[in-house]
Amino acid sequence: MAVSKALMLIPRRTQLFAAYGRTLIVALAIAIAMLVAPRSYADSAAPETSAVGVHGMVVSESDDAAHAGVEILKHGGNAVDAALATELAVGVTNPAACGIGGGGFMLIYMAKAHHFYALDYRETAPLMARPDMYMRNGKPDEDLARDGILGVGVPGEIAGIDAALRRFGTMKFQQIAAPAEKLAADGYVASPHLAKEIEMLAPKLKLDPGLAQVFLKPDGSAHNAGDTIVAKNLAATLKGLGDNPVASFYHGEVAAALVEFMKAHGGLVSAADLANYRPDWRDPIHHRYEDYDVYAMPPPSSGGVVLEMLGALDSGHLAGLGVNSPPYLARLIEVMRQGFIDREQYADPAFVGVQIQKLLTDDNIQQLRERALHPKKSPPPAAAAHDHGTTNLLVADKDGNVVALTTTINTVFGAKMSVPALGLILNDEMDDFAVAPGVPNAYHLEGERANEVRGGKRPLSSMTPIIVTKNGAPVMTTGGSGGPTIISGVLQVTLNILAFHLDAGSAVAEPRIHEQAAPDVVIVEQAMPAATRSALEQMGYKLRVVPELGAVGAITIAPANFRGAADARKGGGAVGY
Ligand code: DON
């Protein structure tokens with residue numbers, strides 16, 4: 001495990017104060033930003049995916065963003081300030097995954113109050129959206145929810161960041177936005193992961209002037225890993241948000257530009273949608289696992305599904321089975337399958353009476369365990385899920401505060417459309433609704449009525465940041481990206497730490513499996529040993545081998561000992577100090 005790279009950063013504050021020194025606040029913000037130097041992926045110094053820290057830790061799917069977060073911690077910011085700075089920065093450096101056009105979920109633990117808070121700033125369906133809006137000639141056309149203007153939900157990102165910052169942060173918006181602004185204005189080095197996504201999507205990026213201008217070279221070819229990508233318009237948008245970003249984004253200049261774009265392209269997001277958007281503070285949900293208390297996001301997140309699965313595996317003497325042993329994996333598969341069947345009851349609680357407390361009762365969990373032990377035949381097969389949008393990040397600070405957040409524009413490059421003048425990439429979060437009952441979405445999750453489209457409703461999500469305490473103190477946090485593989489990935493990494501006592505780096509690195517009830521196939525990472533795979537096949541499981549399943553980060557927390565791991569499957573960085 002490597003020592004944190006943050007220790008090796010050379011501050012250049014003095015120069016910057018002289019150059020820009022108007023007010024202390026502005027200078028500090030710029031100084032923080034200047035510390036985020038673009039990294040080169042061409043040289044041998046690949047970002048560290050595991051790190052240790054004494055005072056705090058930031059784990060992000062972007063190394064630059066993780067460094068931005070740690071600089072905020074070093075300059076006196078708390079975990080919330082650092083998480084929000086990291087979030088804005090990763091929106092610049094992993095723009096195919098998340099950004100100001102998207103939305104997410106944030107789980108916050110504030111040590112002084114000894115209290116958990118859950119912020120839902122997920123996109124909502126525009127008020128003009130209708131359950132049959134994706135039907136064409138009597139048939140559902142799911143592509144309409146995925147690529148293009150009708151896939152776009154009302155963005156919640158900026159409202160969420162603002163709400164968390166005002167309630168728990170100690171800095172102004174421009175201070176936490178400064179690193180992101182610098183990365184966007186001066187350029188950042190494209191990671192191998194981003195380069196792969198640009199190349200994969202190049203034919204679609206070509207069709208959108210704003211995306212083509214930023215992500216393709218003048219000759220129309222894709223930017224490579226190691227190329228510097230500049231996003232000037234995004235930098236200007238972030239700067240223009242000032243210290244009251246909601247006023248501009250939802251009621252002012254940004255709102256006007258967004259609505260004008262929507263009107264010109266046949267989109268549904270209106271001025272009223274933006275003006276009425278509100279993030280929701282929700283009650284976090286909780287369940288015990290062995291001696292631990294596990295906290296998660298309530299619906300429309302799938303946090304409850306992870307808690308149900310963990311509950312069903314409680315007192316299972318998993319350690320005795322061995323990490324990734326065939327008997328352990330068989331139990332996981334059956335529990336995952338039943339958990340995903342229960343997931344069909346999850347949806348936006350403002351529209352559907354999700355019985356979350358009932359789903360988390362010992363009775364329901366006991367039933368899930370029984371169903372897993374005596375499984376019935378699965379639903380019919382379909383294709384398997386594989387995608388790489390979304391981002392998760394984790395922060396733990398010296399005062400004991402912890403933030404775990406997951407944010408997304410849904411599939412890679414969202415709707416594959418941008419508002420060029422704003423540098424804003426539009427989400428395609430509407431695809432997370434059931435476009436019609438039984439029609440699978442981009443992740444082959446079949447939708448039910450509970451998750452049908454309604455104006456103002458939030459679509460069901462797999463994103464599920466987690467924080468775990470023992471005897472009242474946080475001991476770990478995790479979260480991931482990868483559609484439904486977030487649920488299975490977060491479950492496995494949590495168990496790798498709590499049941500098998502692996503350190504964060506090993507817990508994240510262990511090969512993973514994914515089972516989501518339909519299709520009737522267990523997806524297995526190719527790193528899973530061949531003997532294990534064939535043992536599962538001999539048990540009667542149909543396997544599909546894939547290179548990798550999503551990305552999950554983790555931090556383990558002990559006094560003056562933070563161990564963080566980003567997932568090498570997607571790259572990124574763990575930075576401690
Ligand atoms: O909220 C959800 O469940 C999806 N929009 C997440 C998408 C995702 O993780 C994409 N993949 N990596």
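Three strands make an open sheet, in the order β18-β19-β20, with mixed pairing. At its edges stand β18 (513-514) and β20 (543-546). Each has a single partner strand, so one side of each is left without a neighbour in the sheet. Keep in mind that this is a predicted model.

Look at how β18 meets β19. Two bridges join β18 to β19 (residues 522-525), and these strands run antiparallel. His514 stands opposite Ile523 in β19. A helix also packs on this sheet: α20 (residues 530-538) touches β19 and β20. The direction of α20 makes about 155 degrees with that of β20. Between β18 and β19 there is a loop, and Pro519 lies in it. The peptide bond from Ala518 to Pro519 is cis, with omega near 5 degrees.

Strand β16 (residues 466-470) is joined to β17 (residues 473-481) by five bridges. The two strands run antiparallel. Thr469 has Pro474 in β17 as its bridge partner.

Follow β11 onward to the loop between β11 and α13 (303-313), where Pro300 is found. Here is another cis peptide bond. It runs from Pro299 to Pro300, with omega near 15 degrees.

Next comes the ligand. Which residues come nearest to it? Of the 17 residues around the ligand, they are Thr390, Asp432, Ser461, Ser462 and Gly483. Look at Ser461 in particular. One of its polar side-chain atoms lies 2.6 Å from an oxygen atom of the ligand. Glu429 faces a nitrogen atom instead: a polar side-chain atom of Glu429 lies 2.6 Å from a nitrogen atom of the ligand. How much of the ligand does the protein cover? On its own, the ligand has 340 Å² of accessible area, and the protein covers 99% of that.

Stay with Asn410 for a moment. It is found in the loop between β13 (402-408) and β14 (418-419). The phi of Asn410 is near 80 degrees. That is a positive value in a residue other than glycine.

Finally, how confident is the prediction? The mean pLDDT of the protein chain is 90, and 89% of its residues reach 70 or more. Two stretches need care. Over residues 1-27 the pLDDT is below 50. In the model, this stretch has 48 contacts beyond near neighbours in sequence. Over residues 30-38 the pLDDT is also below 50. That stretch has 32 contacts in the model, again beyond near neighbours in sequence. Where pLDDT is low, the predicted coordinates should not be read in detail.

Key
Residues numbered from 1 in each chain as written. Heavy atoms only, no water. pLDDT = per-residue confidence, 0-100. Contact = heavy atoms within 4.5 Å. Pairing = 2+ DSSP bridges. Helix = DSSP H or I, 4+ residues; strand = E, 2+ residues; numbered from the N terminus. Near = heavy atom within 4 Å. Polar contact = N/O pair within 3.5 Å; in protein donor to acceptor, adjacent residues only side chain to side chain. Areas by Shrake-Rupley, 256 points an atom, 1.4 Å probe, with all protein chains shown as cover. Axes fitted to C-alpha atoms, helices over the stretch in contact; angles between N-to-C directions.
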